[in-house]
Amino acid sequence: MKVSTSTYSFLYTIYSMPNVILSLFGGILIDKYLGIGWSTMLFASSCTIGQFVFALGGFFGHSGFWIMGLGRFIFGLGGENLQVCQNTYSVFWFKDSELNLVFGLQLSIARLGSSLNMNIMPHVYNAFGDIFSSSKPYTWLGFALLFGVLLCLLSFIFALLLWFFDVRASRIRCNIEGSQILNAKKGDEFHFKDIAFYPIELWLITIVCVAFYCTIFPFIDLGTYVENNIF
């Protein structure tokens, strides 16, 4: 599409912008209003719609870049919040002694998906280039991005199945153990003033995460460009 490095980086920036604040409100939305099931479907829908709009912009080349930016923004509305839902499900389904393994497994699978994406998508793009060789290269990009829409739809279906299994398991456990499970899922009510009483260890972990993401994600975002144009 012949865009500059800063313009290309904008696609990741506009994805990250809503998550600076919305991840916090997404957690409140899960806990107090929609619940885990509806929230998961909402955020998965946002990711699917956002990826579709992003792919649609690819068909218009450079003139459709603003459409791609809009798609990334919509995707960002659900992307990180969907991970909050994932962590919430993990806490509901697994005991304290199992959570470290579960969180590690989640992260490993997520990074595996990122690695597969970076290695497979160029081949998908080239395959559509062979099929639509008479079309403009940005048309190949649009079809390649539609392949990502199919993966988002698959994620949406799995989210729906997870919701079904969670509701079914809750009913079974409720019949066995009474109302304790449902009361545990409601949790303590959140108040913004509670933030002032969070322990220092939490803020140290937050600083570590910020430093890590500031280092690794810009590299991932621009690594392909640096490899192709400098090395």
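Tutor: Start with Leu70, which counts as partly exposed because its relative accessibility is 39%. Buried means under 20% relative accessible area, exposed means over 50%, and partly exposed lies in between (1.4 Å probe, protein chains only). Leu70 sits in helix α3. Helices are DSSP runs of H or I with at least four residues, strands are runs of E with at least two, and both are numbered from the N terminus.

A word on the numbers. The model is predicted, so local features need pLDDT of at least 70 and side-chain atom pairs pLDDT 80 or more, while totals for chains, interfaces and linings use all residues. Residues are numbered from 1 along each chain as its sequence is written, and side-chain values use heavy atoms, leaving out hydrogens and water.

Now the setting. The protein has seven helices and zero strands. Along the sequence, the pattern reads α-α-α-α-α-α-α. Of its 231 residues, 30% count as buried.

Back to Leu70. Phe54 is 16 residues away from Leu70 along the chain, and their C-alpha atoms are 7.1 Å apart. Helix α3 has 29 residues and should span 42 Å at 1.5 Å a residue; its end C-alpha atoms are 41 Å apart, which agrees. (The expected span is 1.5 Å times one less than the number of residues.) Yet α3 does have a kink of about 30 degrees, centred on Gly76. Such a bend is the angle between axes fitted to the seven residues ending at a residue and the seven starting there.

Helix α2 is another matter. If straight, its 40 residues would span 58 Å at 1.5 Å a residue, but its end C-alpha atoms span only 24 Å. Find Leu34 on the model: α2 bends there by about 115 degrees.

How do the two helices meet? The axes of α2 (residues 19–58) and α3 (residues 65–93) come within 5 Å and cross at roughly 140 degrees. Here axes are lines fitted to C-alpha atoms, over the stretch in contact for helices, and angles run from 0 to 180 degrees between N-to-C directions. The α2 and α3 crossing is left-handed: the near helix is turned anticlockwise from the far one by less than a right angle (clockwise would be right-handed). In the contact of α2 with α3, 20 residues are nonpolar, 18 are polar and two are charged. Nonpolar covers Ala, Val, Leu, Ile, Met, Phe, Trp, Tyr, Cys and Pro; charged covers Asp, Glu, Lys and Arg; the others, Gly among them, are polar.

The loop between α2 and α3 holds Gly64. Gly64 counts as buried because its relative accessibility is 0%. Tyr138 is 74 residues from Gly64 in sequence, yet 10.0 Å from it in space, C-alpha to C-alpha.

Go back into α2, where Thr48 lies. Thr48 counts as buried because its relative accessible area is 11%. Leu151 is 103 residues from Thr48 along the chain, with 8.6 Å between their C-alpha atoms.

Last, the cysteines. The whole structure has zero disulfides, a disulfide being a pair of cysteine sulfur atoms within 2.5 Å. Cys47 is in none: its nearest cysteine sulfur, that of Cys152, is 6.3 Å away. Cys47 counts as buried because its relative accessibility is 6%. Cys85 is in no disulfide either, with the nearest cysteine sulfur, that of Cys47, 9.8 Å away. Cys85 also counts as buried, because its relative accessibility is 1%.
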